[in-house]
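This report describes one protein chain for a reader who is new to structures. Please look at the sequence and the model before reading on.

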Amino acid sequence: MVVMDNGILQVNLSKPEGMVTGIQYKGIDNLLEVLEDETNRGYWDMVWSAPGITRKKGAFDRMEGTNFTVIVETEDQIELSFTRMWDPSLEGKVVPLNIDKRFVLLRNSSGFYTYAIYEHLKEWPAFNLTNTRTVFKLRKDKFHYMAISDSRQRHMPLPDDRSEKRGQALAYPEAVLLVNPVEPEFKGEVDDKYQYSIENIYNRVHGWIANDSQVGFWQITPSEEFKSGGPFKQCLTSHVGPITLAIFHSTHYSGEELILQFGSNEPWKKVFGPVFFYLNSLVDGANPFQCLWEDAKQQMNDEVERWPYDFPASKDFLSPKQRGTVSGRLLVRERYVTDDKEVPGNGTLVGLAAPGVVGSWQLECKGYQFWTKADNNGYFSIHGVRPGTYNLYAWVPGFIGDYRDVSEIVVTPDGDVDVGTLVYEPPRTGPTLWEIGVPDRTAAEFYVPDPNPKYINKLYVNTDRFRQYGLWERYAELYPDNDLVYTIGVSDYRKDFFFAQVTRKTGNNTYKGSTWQIRFNLDNVNKNTTYKLRVSLATAHVSELQVRINDPDTENPPLFTTGQIGNDNTIARHGIHGLYRLYNVVIPSAQLVEGNNTIFLTRGLSVSPFQGIMYDYIRLEGPQSSNDNNKLILDLVHRKK
């Protein structure tokens, strides 16, 4: 065993494996679960597979080190390294990576850092990486209060409550109905770790508080640059155990499209972290939960302000002076919304990721991403960017689609790149005839029903109701005979548009699809032209969306089909969005009539209750008018001048 001790806390690690076996703090001999084996308390792990291996979820690897080295040992810092170098004789049995796990303890710090460097050499075999993270299992006799945000915190059930004697497994193993919990207050609630997922952009601090000793254990992520999938990617946080996770890469809410796939001739190296595990304690008799949470948030702000750190000893983690800055301004020009003027967006997110296509940052896993929010005038500055070649991407709330600057941006150490003023022109053909929802990449504005009273999580009674278990069953209960019909000008999407188009159960484990109708009136139809239907999806899971105009017969070929899309599994995992998808459907005017029209949205492929789609926003655009053409010609003339 090796011990890191700075007088405030003591961290014990197995040698050479690099497992955290104990954490001593404020007179508590071990914050980690002493009932667990020493190898199962605090650790890094991954799930991987070799090409051709048919394991459903891949091989689980706890990444035990085989060599231990003291990297730094001074009065100000201890940094330990636990490495495992790949052995070609174990091909197919051990992931082909060199792994270097680091643990850092600083003087006067009430916490410790951990980070890791993964390396795949060019000549090594191909493999896939599905998931990698750190896991800390705390003592269940002490840590009962969990907090992941200001509005999402509560006393939690015990892991014992999920056992067969006390709980009833529901539609999948993660969801358990608490039938006879140790503490009666939890009886009748559902516990599911996916109810506590959060987006990368908001996943800065979460953790647990020990009720008896008023001690907090917090996982702080100062940057999402090393995480997969960009700012909207959702990951698990803390959950019943008590367990605290730092997830660096996963396929949750995205599916197979986010599996890291490496070829046999593909060199790769990436630094995951550092993340900070912060310990705090109450110094007075005030509300312990609120005080410790507020202190943890302040520590999180301090860590974010310090990023990128200057203390990691690995040459692969770049210090502030080895990084660059990219700045500029992003405006929006949308002739039917901004009246052809270039205006700043409201809450625009601007980011750098590997060169790709529009929206490809959602699937980017191998490199780093750097995001920031533009100010009210559209100006942005992205600091701490690792040297490399990037595209600049952006998303503007309130507008459909994604922005990508076609120019590649080269960042150099200590360099400053000014991209000037960029203008995003969202997809648009003609004027809005009608719209449903808000283009915000989620389905949160639509109708989310009350949950079945048998399946309640009390935390989400008044907020984030979409996180309740079993909402997919409520659709058939609300629409027992006929599918949803939405009438433009009469219906209200907040009350009349169900948040997910799901399957309908027809018998014993049999399901069928649904066809929703959007009814609208056109006073006149422009002949020999086209209309445009914009359909943006917040998520999809093993579904096909077919669009028909004034044709209810699903046996007839559709005007448009997405084909099979999505493996997000958002519905089962209580999310309100997954991967964003935008479809632009051209409608010949001959398919529309003056007076009443109906768009039929058929969601096919139905063999399970978790298949479905969530809409973000739907808009019907009329043809571009002659006045619009004149404005466009004038604008082009002015631009040439």
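How many disulfides does the structure hold? The structure holds 0 disulfides, where a disulfide is a pair of cysteine sulfur atoms within 2.5 Å. A disulfide is a covalent bond between the sulfur atoms of two cysteines. For Cys-365 the closest cysteine sulfur is that of Cys-235, and at 11 Å it is too far for a bond. Cys-365 counts as buried because its relative accessibility is 4%, whereas Cys-291, at 30%, counts as partly exposed. Here buried means under 20% relative accessible area, exposed means over 50%, and partly exposed lies in between, with a 1.4 Å probe and protein chains only.

This is a predicted model, in which local features need pLDDT of at least 70 and side-chain atom pairs count only at pLDDT 80 or more, while totals for chains, interfaces and linings use all residues. Residues are numbered from 1 along each chain as its sequence is written, and side-chain values use heavy atoms, with hydrogens and water left out.

## The chain as a whole

The chain has 641 residues and a radius of gyration of 26 Å, which agrees with the value near 26 Å for a compact globule of that length. The radius is taken over C-alpha atoms, and the globule rule is 2.2 Å times the number of residues to the power 0.38. Along the principal axes, the C-alpha atoms fill a box of roughly 80 × 65 × 55 Å.

Of the 641 residues, 59% count as buried. The chain exposes about 26,500 Å², and carbon and sulfur atoms supply 47% of this area. Accessible areas come from the Shrake-Rupley method with a 1.4 Å probe. Among contacts between residues at least 6 apart in sequence, 70% join residues at least 24 apart; a contact means heavy atoms within 4.5 Å.

The secondary structure comes to 4 helices and 44 strands. Both are DSSP runs numbered from the N terminus: helices are H or I with at least four residues, and strands are E with at least two.

## An open sheet

How many strands form the open sheet, and in what order? The sheet has 9 strands, in the order S6-S7-S8-S9-S23-S18-S17-S11-S12, with antiparallel pairing. Its edge strands, S6 (67–73) and S12 (153–155), each pair on one side only. Neighbouring strands of this sheet are turned by 20° against each other on average, direction ignored. Two strands pair if DSSP finds at least two bridges between them. S6 is joined to S7 (residues 77–84) by 6 bridges, and in this pair Val-70 stands opposite Leu-80.

## Strands S29 and S43

S29 (residues 388–395) is mostly covered, with 6 of its 8 residues buried. S43 (residues 595–604) is mostly covered too, with 9 of its 10 residues buried.

| Strand pair | Bridges | Residues opposite each other |
|---|---|---|
| S26 (residues 349–353) and S29 | 5 bridges | Ala-353 and Asn-391 |
| S38 (residues 514–522) and S43 | 9 bridges | Asn-521 and Asn-596 |
| S39 (residues 530–549) and S43 | 6 bridges | Val-547 and Leu-601 |

## Backbone details

Most residues other than glycine have a negative phi, and most peptide bonds are trans. Which peptide bonds are cis? The bond from Lys-15 to Pro-16 is cis, with omega near 10°, and Pro-16 lies in the loop between S2 (9–13) and S3 (20–25). The bond from Gly-273 to Pro-274 is also cis, with omega near 5°. Pro-274 lies in S23 (residues 268–281), and S23 is one of the strands of the open sheet.

Positive phi values occur at Asp-339, near 55°, and at Val-542, near 45°. Asp-339 is in the loop between S24 (324–333) and S25 (342–344), while Val-542 is in S39. Asp-339 counts as partly exposed because its relative accessibility is 49%. Val-542, at 21%, also counts as partly exposed.

Note on methods
Axes fitted to C-alpha atoms, helices over the stretch in contact; angles between N-to-C directions.
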